[in-house]
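Reader: I would like to learn how to read helix packing and a nonpolar core. Can we work through a case together?

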Amino acid sequence: MDVTTENWLISLWLVVIGGCIGSFLNVIVYRVPLGLSVTHPGSHCPRCKHAVRWYDNIPVASWIWLRGKCRDCGESFSVRYAVIEAIVAMIFLAIGHCEGLSGGSNLPSTFYLAETGEVLYGDFTGWILCVYHLTLICTLICLVLIEYDQQTIARKLLGFSLLVGLLAPLIWPFLHPVRSTASWLEMSTSGWGAFASGVTGFVAGTVLALFAMALQGMRGSALTSTVLCSAIVGSFLGWPAVTAIVTTTVAFGSFSNLNPKKMPWTGPLLVITTIWTLAWKMIVARLSFLEDPSYWQTFVAALVLAVLCALPSLWKKRTN
Ligand SMILES: [Zn+2]
């Protein structure tokens, strides 16, 4: 088989798998906050309780074919399910292409190349990276939707994601292409170096989001979920990345008048994290301090920016 045909087949496979995972995420979002099992019983109509036939359970296509209605009783299903399946399929296609097919063409990898001369993103490593980053994005999608449905955050989901984010790099150090630990720790290329990168990312994400969001006037569960989401992003992507992502989210939220008292900023955080993952190499090529883990001034600058972004709302509060 020639390369073009193979690439087309892999792309098709990514879209199909993405659609199925999207469908599974819909199940998680609906069932996990209610304490129900995600596997049993199988998909069924909430009104007539008829099991959904396998050929009526094909992501996106079945929704369009049945015009969003149950085949048995005509109950309508929200278009949201099909939209989520389509979005997840596209994200799988995009990340799968950059990381799996093109061997991490979206990732800054100069660190490895300089230190060991190794080319790390071969077939196998590229696909592991792909699964790692898709785990992060799928977790965020679930958390955002659960939040939108005003359900309580699923602790199991958070725990699972954090375990993967922090522990997987112990086995595969290449999962953290930008190290968050300074070179004086001298464990940069080992699993422990990658683990330290996840831990510093977790701490940076928590501290920065807590500080920035509280300054914006966010409180209660909105604050908790935004902080948890950025902590997870930090543990998967390391501290320079989460610092940039949270700062961009705060800037976007405060200048687009997204009311932090009414809703958490996890939605924009998810979108910015996805864009970051896809354009990581391009971004740090222009802003090289985001690649340098010993450049702690980046974090201080982010704290200052968080204060500057909060000034308009603090000012409004004073004059009211
Ligand atoms: Zn029905």
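Reader: How are H3 and H10 oriented to each other, roughly parallel or oblique?

Author: Start with the general idea. Two packed helices are described by the angle between their axes and the distance between the axes. Now the case here, in a predicted model. Helix H3 spans residues 79–101 and helix H10 spans residues 266–286. Their axes come within 10 Å and cross at roughly 25°. Angles under 35 degrees count as roughly parallel, so H3 and H10 are roughly parallel to each other. Their crossing is left-handed.

Reader: Which residues of H3 and H10 meet?

Author: H3 brings Ile91, Ala94, Ile95 and Cys98. H10 brings Thr274, Thr277 and Leu278. By class, the contact of H3 with H10 has five nonpolar residues, two polar and no charged.

Reader: At what angle do the axes of H9 and H10 cross?

Author: The axes of H9 and H10 cross at roughly 135° and come within 9 Å. H9 is therefore oblique to H10. The crossing is right-handed. On the H9 side, the contact uses Ala241, Ile245, Thr248, Thr249, Phe252 and Gly253. On the H10 side, Pro268, Leu269, Ile272, Thr273 and Trp276 take part. The residues of this contact divide into seven nonpolar, four polar and no charged.

Reader: Pro240 is also in helix H9. Is Pro240 buried or exposed?

Author: Count the neighbours. A residue is buried if 20 or more other C-beta atoms lie within 10 Å of its own. Pro240 has 29 other C-beta atoms within 10 Å, so Pro240 is buried. Pro240 and Phe202 are 38 residues apart in sequence, and their C-alpha atoms are 11 Å apart in space.

Reader: Now the core. How many residues does the largest nonpolar core have?

Author: The general idea first. In soluble globular proteins, nonpolar side chains tend to be buried together. In this model, the largest nonpolar core has 71 residues. Ile141, Cys142, Val233, Val242 and Ile245 have the most contacts inside this core. Helices that each supply at least two of the core's residues include H1 (3–31), H7 (191–215), H8 (220–237) and H11 (297–319).

Reader: Which helix gives the most to this core?

Author: H5 does, with 13 residues. Helix H5 covers 123–148.

Reader: What is Ile141 in contact with, leaving aside its neighbours within four places in sequence?

Author: Ile141 is in contact with Leu25, Val88 and Leu270.

Definitions and conventions: Residues are numbered from 1 along each chain as its sequence is written. This is a predicted model: local features need pLDDT of at least 70, side-chain atom pairs count only at pLDDT 80 or more; totals for chains, interfaces and linings use all residues. Axes are lines fitted to C-alpha atoms, for helices over the stretch in contact, and angles run from 0 to 180 degrees between N-to-C directions. Helices (H or I, at least four residues) and strands (E, at least two) are DSSP runs, numbered from the N terminus. Angles under 35 degrees count as roughly parallel, over 145 as roughly antiparallel, 65 to 115 as roughly perpendicular and the rest as oblique. A crossing is left-handed if the near helix is turned anticlockwise from the far one by less than a right angle, and right-handed if clockwise. Two residues are in contact if their C-beta atoms, placed from the backbone, lie within 7 Å. Ala, Val, Leu, Ile, Met, Phe, Trp, Tyr, Cys and Pro count as nonpolar, Asp, Glu, Lys and Arg as charged, and the others, Gly among them, as polar. A nonpolar core is a set of buried Ala, Val, Leu, Ile, Met, Phe, Trp, Tyr and Cys residues joined through C-beta atoms within 7 Å. A residue is buried if 20 or more other C-beta atoms lie within 10 Å of its own, exposed if 12 or fewer, and partly exposed in between; C-beta atoms are placed from the backbone.
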